[in-house]
Amino acid sequence: MLRSRGPYAVRVSSALPYINPFDDGRSPTGAAAGMDEASSLIDAVFRFERAVTRIGNTRLRPWKMTLSSYTALRILANQPHLSLAQLSRRCYARPQTMTRMVTQLENRGFVARAAHPESERALSLQVTEAGLAALEEMSDEVLKISDTLNATLGRDDIVATDGRLRQAALVVENELRDMGRPEE
């Protein structure tokens with residue numbers, strides 16, 4: 001079976017093989033780790049996230065940017081006047097990490113801080129003209145990742161997987177929230 005069209009089309013004849021994350025390829029046995037399907041999915045999601053981060057950081061190297069910084073800049077371009085805490089939540093980053101990242105973006109002239117229109121205590125973050133220009137340049141390179149996925153998986157598979165992963169994330173996030181509550 002051929003998945004999708006284009007230069008990155010992949011011939012898939014059966015289920016993709018499980019790759020044991022503990023096997024460095026030098027072990028004498030090829031025995032599987034005995035993971036159930038959900039554990040294998042978690043491993044695959046983690047591996048995918050790491051691969052996307054590595055290729056994104058590699059593609060952004062000419063701009064001396066990371067995929068995390070690019071993502072923060074892109075979010076701010078689409079939602080101006082976010083506070084640092086709001087941006088932190090949207091980027092799934094700790095506030096301390098986001099503070100460092102925004103300071104670096106500000107030092108490069110990509111982001112400006114100003115009084116927040118809705119809060120006396122918070123600062124509003126906005127992308128500058130220089131930030132928008134850099135974002136436009138970088139986007140051509142970063143969006144090649146999406147092109148690869150679209151060519152490999154196809155739109156229907158991507159939409160279905162996205163929906164299922166978001167649903168699973170909500171379930172796990174709710175379980176985590178429930179764990180934080182005192183026992184009744």
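This is a short tour of a predicted model, stop by stop, with what to select at each one.

**Stop 1**

Begin by selecting Asp36, in the loop between strand 2 (10–11) and helix 1. Show its side chain together with the backbone of Ser39: the Asp36 side chain reaches the backbone nitrogen of Ser39 at 2.7 Å. Asp36 is partly exposed, because its relative accessibility is 43%.

Now go on into helix 1, which covers residues 37–60, and pick out Leu41. This leucine has a relative accessible area of 48%, so it counts as partly exposed.

**Stop 2: helix 7**

Next, select Asp162 and Arg166. Both belong to helix 7 (residues 155–180), where they sit 4 residues apart, about one turn of the helix. Is Arg166 buried or exposed? It counts as exposed, with 54% relative accessibility, while Asp162 is partly exposed at 37%.

**Stop 3: a salt-bridge network**

Select Arg59, Glu141 and Lys144 together; salt bridges with shared partners join these three into one network. Zoom in on the pair Glu141 and Lys144, whose side chains form a salt bridge with an N to O distance of 3.2 Å. Glu141 is partly exposed, with a relative accessible area of 22%, and Lys144 is partly exposed as well, at 36%.

**Stop 4: Arg113 and Glu106**

How many salt bridges does the structure hold? There are 4, and one more to visit is that of Arg113 with Glu106, where the closest N and O atoms are 2.9 Å apart. Colour the two by accessibility and you will find Arg113 partly exposed at 29% and Glu106 partly exposed at 30%.

**Stop 5**

For the last stop, turn to the second largest pocket, with a volume of about 160 Å³. To see its lining, select Lys64, Met65, Thr66, Ser68, Ser69, Thr97, Arg100, Met101, Gln104, Leu105 and Arg108. Helix 2 (67–78) and helix 4 (95–107) are the elements that give two or more residues to this lining. Which element provides the largest share? That is helix 4, with 5 residues.

Key. Residues numbered from 1 in each chain as written. Predicted model: local features only at pLDDT ≥ 70, side-chain atom pairs only at ≥ 80, totals over all residues. Heavy atoms only, no water. Buried < 20%, exposed > 50% of the residue type's maximum accessible area, 1.4 Å probe, protein only. Polar contact = N/O pair within 3.5 Å; in protein donor to acceptor, adjacent residues only side chain to side chain. 1 Å grid on protein atoms, 1.4 Å probe; cavity = no way out; pocket = protein on both sides within 12 Å on 5 of 7 lines; lining within 4 Å. Points joined across faces, edges and corners; volume = space filled by probe spheres on them.
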